[in-house]
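Here is a note for a colleague who is opening this structure for the first time. The points are numbered so that each can be checked against the view.

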Amino acid sequence: MRSAVTLLPLVLAGALAGCESSSTGTIACPTVALPALVLRVLDRTTGAPVVAGTSATAIDGAWSEAFRGPLPELVTDTTAFPFAAAYERPGTYQIEVRAPGYPVFTIRNVTVTRGRCNVNTVQVTARLVRAAP
């Protein structure tokens with residue numbers, strides 16, 4: 001059985017919210033690097049976060065990077081501590097998620113674009129189905 005995936009734009013508070021225009025027409029961009037991808041990993045049946053032992057990789061062509069996390073500072077709600085990858089790197093990604101007790105889960109064609117100041121972060125939720133005993 002395939003797991004469900006949810007792709008939503010991620011809105012982060014404060015400095016992570018993006019650039020602002022001033023009355024003079026100049027753009028003030030934040031000085032913080034934003035992740036292109038933020039990943040939450042949940043059990044599809046229970047909705048519980050799957051964090052212990054979880055690893056994930058973002059792949060764009062020959063480029064790849066392991067997700068960092070879990071990162072409590074990126075929490076915008078209480079569903080799970082997210083993982084993050086590909087800071088300030090637009091691209092079209094494949095994401096591979098590995099967690100003990102679950103088959104490898106792959107998400108394809110996650111596109112991240114560049115905004116005026118930073119990447120437009122994409123939030124991905126992987127809902128994993130536990131492997132049959």
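1. The protein has 10 strands and zero helices, and its pattern along the sequence therefore reads β-β-β-β-β-β-β-β-β-β. Please keep in mind throughout that this is a predicted model.

2. On the overall figures, 37% of the 133 residues of the protein count as buried. The accessible surface comes to about 7300 Å², and 55% of that surface belongs to carbon and sulfur atoms. Among the contacts with a separation of 6 or more, 64% are made by residues 24 or more positions apart.

3. An open sheet is formed by four strands in the order β6-β5-β8-β9, with antiparallel pairing. The edges are taken by β6 and β9, each of which has a single partner strand, so one side of each is left without a neighbour in the sheet. On average, and with direction ignored, neighbouring strands of this sheet are turned by 20° against each other.

4. Which cysteines form the disulfide? The structure holds one disulfide, formed by C29 and C117, whose sulfur atoms lie 2.0 Å apart. The torsion about the S-S bond of C29 and C117 is about -65°, and the disulfide is therefore left-handed. This pair links distant parts of the chain, 88 residues apart, with C29 in the loop between β3 (27-28) and β4 (35-43) and C117 in the loop between β9 (105-112) and β10 (122-128). C29 counts as partly exposed because its relative accessibility is 37%, whereas C117, at 18%, counts as buried, the cut-off for buried being under 20%.

5. Three salt bridges are counted, and one of them joins the side chains of R89 and D60 at 2.9 Å, N to O. Since R89 lies in the loop between β7 (83-87) and β8 (91-98) and D60 in strand β5, the pair ties together parts that are 29 residues apart in sequence. R89 is partly exposed, with a relative accessible area of 24%.

6. Another salt bridge is formed by R114 and E88, with the closest N and O atoms 3.5 Å apart. It also links distant parts of the chain, 26 residues apart, as R114 is in the loop between β9 and β10 and E88 is in the loop between β7 and β8. R114 counts as partly exposed at 45% relative accessibility, and E88 counts as partly exposed at 22%.

7. R98 forms a salt bridge with E96, with the closest N and O atoms 3.5 Å apart. Are these two residues buried or partly exposed? R98 counts as partly exposed at 38% relative accessibility, while E96, at 19%, counts as buried.

8. Not counting residues up to four places away in sequence, A48 touches V41, L42 and D43. The C-alpha atoms of A48 and R127 are separated by 9.5 Å, although these residues are 79 residues apart along the chain.

How values were computed: Residues numbered from 1 in each chain as written. Predicted model: local features only at pLDDT ≥ 70, side-chain atom pairs only at ≥ 80, totals over all residues. Heavy atoms only, no water. Disulfide = S-S within 2.5 Å. Helix = DSSP H or I, 4+ residues; strand = E, 2+ residues; numbered from the N terminus. Buried < 20%, exposed > 50% of the residue type's maximum accessible area, 1.4 Å probe, protein only. Pairing = 2+ DSSP bridges. Axes fitted to C-alpha atoms, helices over the stretch in contact; angles between N-to-C directions. Contact = heavy atoms within 4.5 Å. Areas by Shrake-Rupley, 256 points an atom, 1.4 Å probe, with all protein chains shown as cover. Salt bridge = Lys/Arg side-chain N within 4 Å of Asp/Glu carboxyl O.
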